[in-house]
Amino acid sequence: MSFRLKIILGILLIQALMLLVVIWSNFHFLRTSNEIELNKHAFSTVTVTAALIKRPVLISDLVSLHDLMNEILVQSGADYIRIKDSSRVVAEIGNSSSLARRFEEDFLVEDVSDGVFDIAAEIMQEGIVFGVVEMGFSTDPIEKVMIAARRQTVTISVVGIVIGLLVALMLGNYLARQLKILRDASRRIASGDVGYQLSVIGEGELAQTARSFNTMSRRLAVLYSEKQAAFNEAKKKAAELRESKRRVQAVVNNALDGIITIDEEGIVESFNPAAEKMFAYEAKEVIGNNVKMLMPEPYHTEHDDYIRIYRQTGEEKIIGKGREVLGQRKDGTTFNLELDVSEVKIEGSGLFIGIVRDITERKCAERELKEARDAVLESSRNKFEFIANVGHEIRAPLDKVLGMSHILLDSGLDNEQQKNVSKIQDAGKSLLTIINDVLDFSKIESGKMNLEDINFDLQRTIYFVSQMLRKAAARKNLNLVYLLPCDLPMSLQGDPARLRQVLVNLVDNAIKFTSRGEVVIRVAQVDETGDEIKLRFTIQDTGVGLSKVNQQRIFESFMQVGGSLTQRYGGTGLGLAISKKLVEMMGGDIGVDSRKGAGSEFWFTALFSKRTELPGRREANYSELKDVRVLIVDDSEIARETMQNLLETVGMLTLSVVDGSHALEQLCTCAAADEAYDVVIFNRILPGMTGLQLARTINSDERLSGVQMIMLTSTGYRGDSEEVRRVGISGYLTTPVHESQLLECVSAVVQLEKGTDLLITRHNLAAGKTRIQNNILLFEPDMADQKMISGLLQTLDYSVCVASSKVQAIKVVQKKYFEHILINSNISHSDIDNLISSIRASEESNQRTQIIALVPSLSTADDLKNCVGMGFDDTVVKPVDQNVLMEKLSTASDDTHLPAHGNPQISPG
């Protein structure tokens with residue numbers, strides 16, 4: 001059946017169905033409406049009739065009744081009318097056949113079966129029924145209307161079907177023609193005319209379909225073009241692949257290494273000629289068999305299990321990793337081979353590629369090299385041991401040379417002689433440094449360098465390093481500063497001597513290569529794991545800097561930064577190499593960041609163990625002072641009595657005199673009686689002779705050579721330490737002196753050997769304790785001021801902790817006691833209140849921290865008064881003057897220690 005016929009039949013079928021629906025609905029509506037109308041007409045007529053005939057019936061006026069019934073019959077179109085009373089028919093008129101049949105009332109017109117719609121109504125007067133009116137209405141008019149409607153409907157339907165047929169025919173022809181155009185266009189495309197375009201007229205659906213067809217045709221043309229290009233490219237790639245395969249096969253066949261491929265079951269799929277030569281098998285003997293045939297035990301047995309475990313778990317043991325194994329030739333002999341295994345996935349299946357090479361000759365060469373290396377190392381060890389022995393032999397006489405030169409310096413030489421001896425001493429010290437470096441290097445290279453693991457105080461170690469090198473920095477007018485964060489753990493376990501050695505090497509280098517500016521030591525925490533802590537030490541200078549090349553070479557053994565610099569600054573090139581080795585032994589790294597002419601920043605990290613830091617201070621034990629004989633010289637009776645009472649409480653034997661002449665007399669008398677005094681304590685200002693004069697006299701008298709001297713002074717001056725050393729004084733304290741400080745000083749000088757070039761002061765007493773007590777907390781957020789004030793404090797022999805934030809400062813004061821705390825007053829009042837409250841809350845009954853405010857230079861008297869009102873004990877104006885700061889701290893020290901049990905502090909007379 002053609003498409004056109006389908007369209008015509010379809011349209012006709014649709015039209016016929018629609019006509020049937022319309023006809024049925026119209027007929028139904030027409031009948032129903034007529035029936036309803038008849039029903040209403042009959043009901044109203046019978047009701048009216050009942051009302052009209054009520055009077056004639058009541059009075060039995062039959063003439064009027066008949067006239068009224070005729071009139072109603074004519075006007076209403078009724079078929080009949082019958083009037084009954086309770087027992088008989090009163091009157092009836094109309095169709096005789098209808099009157100002859102038995103009356104049965106119909107309720108609906110549609111229920112009528114005899115062609116007459118029968119209906120009745122009661123005749124009533126004041127609720128009393130007097131009779132019934134029965135009427136009938138013929139349904140013939142309805143049927144006549146329905147017949148006329150059918151006739152007219154059939155005529156209209158025929159005309160509609162004819163018109164529909166014509167329209168369907170025209171539409172079918174039009175659509176068939178358009179489809180033919182599309183069909184012909186599709187055939188042209190199918191025959192190869194890709195891209196053929198239809199002519200498009202109008203904007204209708206068929207025009208849109210034509211446009212879509214044209215778009216599809218153009219897209220097909222593009223796809224066809226791409227397909228052809230891809231096909232051509234694929235042909236080209238296939239040719240290249242064949243060529244590549246040929247080349248790969250040629251490479252595999254001619255490779256010097258054996259190449260073996262196996263599947264996931266361990267079955268060999270390919271075996272190149274190099275493998276044939278290596279294992280003495282032909283390829284056909286191996287291909288198709290398990291690769292373990294090329295392995296000796298235990299590899300032969302373990303191989304299948306390895307593949308099974310790998311396939312189940314994906315655990316790789318040799319895939320992607322080279323390793324040395326044993327191979328087995330056809331004759332059963334084994335040989336060393338290097339095996340590299342990789343895996344590739346091909347269509348979901350694994351393919352293992354093994355590359356093997358015979359390393360028998362290489363293994364022989366390695367054995368020979370190892371033997372040669374062991375021989376060289378043994379020779380090198382012997383050389384380093386020889387160097388160590390020679391170094392020790394040289395150091396012994398060199399120590400004597402340095403000792404004798406020191407004696408010569410104190411033997412009254414003139415200026416020129418002292419200058420020459422000083423040069424001998426400087427040269428000897430430089431030589432001793434070189435020998436020590438060589439010895440350390442030889443120990444490290446021979447593997448005999450071991451690190452200690454002891455408890456030490458980090459702050460004390462940094463303090464000693466800065467004190468050791470402060471003179472060298474001062475000679476070049478350099479500012480040597482160390483900055484320790486206040487929350488840094490100070491109680492550590494490790495090798496403090498080697499840490500100090502690395503720091504001295506780096507700081508000394510920084511001073512050596514810096515002509516002006518500063519050298520700054522910084523320590524920071526890098527990491528903390530369990531009981532271990534990793535610290536980073538940084539030494540920053542403003543010196544000559546290093547080039548990129550020298551930065552890479554500077555830590556190499558015997559390497560120096562350049563000939564001109566070596567001649568100018570000296571050095572062996574071992575210090576940094578030794579430092580690098582020591583840092584590595586301490587579990588850290590070392591490096592340098594520098595720019596030529598812009599200074600350097602050497603840094604290193606090291607691992608240490610943490611140890612518990614006990615709160616407060618350690619109680620001193622002065623049992624070693626029992627029976628020590630002490631002579632006290634002071635013109636103040638109160639001072640003499642106070643010191644005597646204090647010293648006797650720990651078991652010392654004391655005597656006091658008022659001046660130097662009485663002191664000399666007492667010292668000489670007791671020495672002659674073999675009851676010499678161990679210590680003499682005197683004031684700087686005495687009647688008759690000064691304390692320095694008394695010290696010179698004692699030092700020059702051989703009878704009193706065993707007496708140690710401690711001098712008390714109310715004011716200390718810069719340069720005092722050198723003068724008091726020269727006259728043989730071992731202890732030097734500024735007054736007022738706290739009882740514990742005096743006892744510690746006596747304990748320290750008693751243990752010193754006479755002639756030792758060490759002066760005990762309140763500062764190095766503090767630094768020499770297990771935990772440094774005479775230290776300062778500096779809360780200064782500004783880094784420039786932080787560095788400047790730290791430098792001033794360290795110049796005054798104070799140990800400094802720095803805090804950059806309120807949280808940091810509060811955290812550390814809750815753990816550690818500080819004698820002095822300097823606070824920048826520019827921070828917020830709430831932060832100052834919190835910090836001062838935390839400081840006071842952490843103090844013990846016999847401790848009081850001196851809190852000093854650092855105030856701006858433009859501060860008024862009211863500002864300073866406000867600082868005291870906020871809880872500060874004193875103020876220092878910025879920029880800080882060294883003498884003012886020293887005076888403030890000295891005053892603060894007087895009040896810092898509250899006397900225990902009410903004992904007074906010791907002041908000179």
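# A tour from charged pairs to nonpolar cores

Start by selecting lysine 806, which counts as partly exposed because its relative accessibility is 23%; on this scale, buried means under 20% relative accessible area, exposed means over 50%, and partly exposed lies in between (1.4 Å probe, protein chains only). You are looking at a predicted model, in which local features need pLDDT of at least 70 and side-chain atom pairs count only at pLDDT 80 or more, while totals for chains, interfaces and linings use all residues. Residues are numbered from 1 along each chain as its sequence is written, and side-chain values use heavy atoms, with hydrogens and water left out.

**Charged pairs**

Helices (H or I, at least four residues) and strands (E, at least two) are DSSP runs, numbered from the N terminus.

How many salt bridges are there by this rule? The count comes to 26. Next, select aspartate 257 and arginine 357, whose closest N and O atoms are 3.1 Å apart in another salt bridge. This pair connects distant parts of the chain, 100 residues apart, with aspartate 257 in the loop between α6 (205-254) and β5 (258-262) and arginine 357 in strand β9 (residues 349-358). Aspartate 257 is partly exposed at 25%, and arginine 357 is partly exposed at 21%.

For a pair with contrasting surroundings, go to arginine 703 and aspartate 701, where the closest N and O atoms are 2.9 Å apart. Which of the two is exposed, and which is buried? Arginine 703 is exposed, with a relative accessible area of 56%, whereas aspartate 701 counts as buried at 18%.

**Nonpolar cores**

Time to look inside. Select Leu458, Phe537 and Phe604, the residues with the most contacts inside the largest nonpolar core, which has 67 residues. Helix α13 (residues 496-512) gives this core its largest share, eight residues. Apart from it lies another core, of 30 residues, including Ala50, Ile93, Ala121 and Met146. A nonpolar core here is a set of buried Ala, Val, Leu, Ile, Met, Phe, Trp, Tyr and Cys residues joined through side-chain atoms within 4.5 Å.

Return to leucine 458 and show its surroundings. Beyond its neighbours within four places in sequence, leucine 458 is in contact (heavy atoms within 4.5 Å) with Leu488, Pro489, Met490, Leu492, Leu499, Val523, Leu535 and Phe537.

**A patch on the surface**

Finally, select Leu58, Ile59, Ile128 and Phe130, which form a nonpolar surface patch with about 350 Å² of accessible area together. Such areas come from the Shrake-Rupley method with a 1.4 Å probe, and for residues only the protein chains shown count as cover. Patches are made of residues with over 30% relative accessible area and no salt bridge, joining like charges within 9 Å and nonpolar side chains (Val, Leu, Ile, Met, Phe, Trp, Tyr) within 5 Å. Colour α2 (54-59) and β4 (128-138): each supplies at least two residues of the patch. Isoleucine 128, in strand β4, is partly exposed at 49% relative accessibility.

Technical notes: Salt bridge = Lys/Arg side-chain N within 4 Å of Asp/Glu carboxyl O.
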